[in-house]
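Here is a short briefing on one protein. Take a look at the sequence and the structure first, then read on.

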Amino acid sequence: MLTTKPTLIITFPTTTQAMASERCCEHHHLPGRLVPIPAVLSAGCGLSWAADPSDKEGLLRAFADDGITYETVTVIDL
């Protein structure tokens, strides 16, 4: 039996922004990873950042500080 857990998904309008988010998170030692956008969502570039929902505020703050543009922020069961 598969188990799922709530996962924060942040989508990006371009691949450039998605790659910048990865560099940002590495620089700021933030958790998560770059993953393909889950099939239940849709966004411009096909990549998203996946992390624990409790990390949302820190991630969004770092993205804002580094000028990273994102499209949607949602929590889904993965």
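The exposed residues E57, R61, A64 and D65 sit on the face of α2 that is turned away from its buried side. Keep in mind that this is a predicted model.

- Helix α2 runs over residues 56-65, and its buried residues are L59, L60, A62 and F63. These four cover an arc of only 160° around the axis, so they lie on the same side of α2.
- What do the buried residues of α2 pack against? Their partners are β1 (6-11), α1 (15-27), β3 (47-51) and β4 (73-77).
- Just after α2 comes G67, with a positive phi of about 70°.

**Overall fold**

- The protein has two helices and four strands. Their order along the sequence is β-α-β-β-α-β.
- The radius of gyration is 12 Å, close to the 12 Å that the globule rule gives for 78 residues, so the protein is as compact as a globular protein of that length.
- The C-alpha trace spans about 40 × 25 × 15 Å along its principal axes.
- Take the contacts between residues at least 6 apart in sequence: 74% of them join residues at least 24 apart.

**Burial, surface and charge**

- Of the 78 residues, 33% are buried.
- The protein exposes about 4700 Å², and carbon and sulfur atoms supply 54% of that area.

Definitions and conventions. Residues numbered from 1 in each chain as written. Predicted model: local features only at pLDDT ≥ 70, side-chain atom pairs only at ≥ 80, totals over all residues. Heavy atoms only, no water. Rg over C-alpha atoms; globule rule 2.2 N^0.38 Å. Buried < 20%, exposed > 50% of the residue type's maximum accessible area, 1.4 Å probe, protein only. Contact = heavy atoms within 4.5 Å. Areas by Shrake-Rupley, 256 points an atom, 1.4 Å probe, with all protein chains shown as cover. Arc of directions from axis to C-beta.
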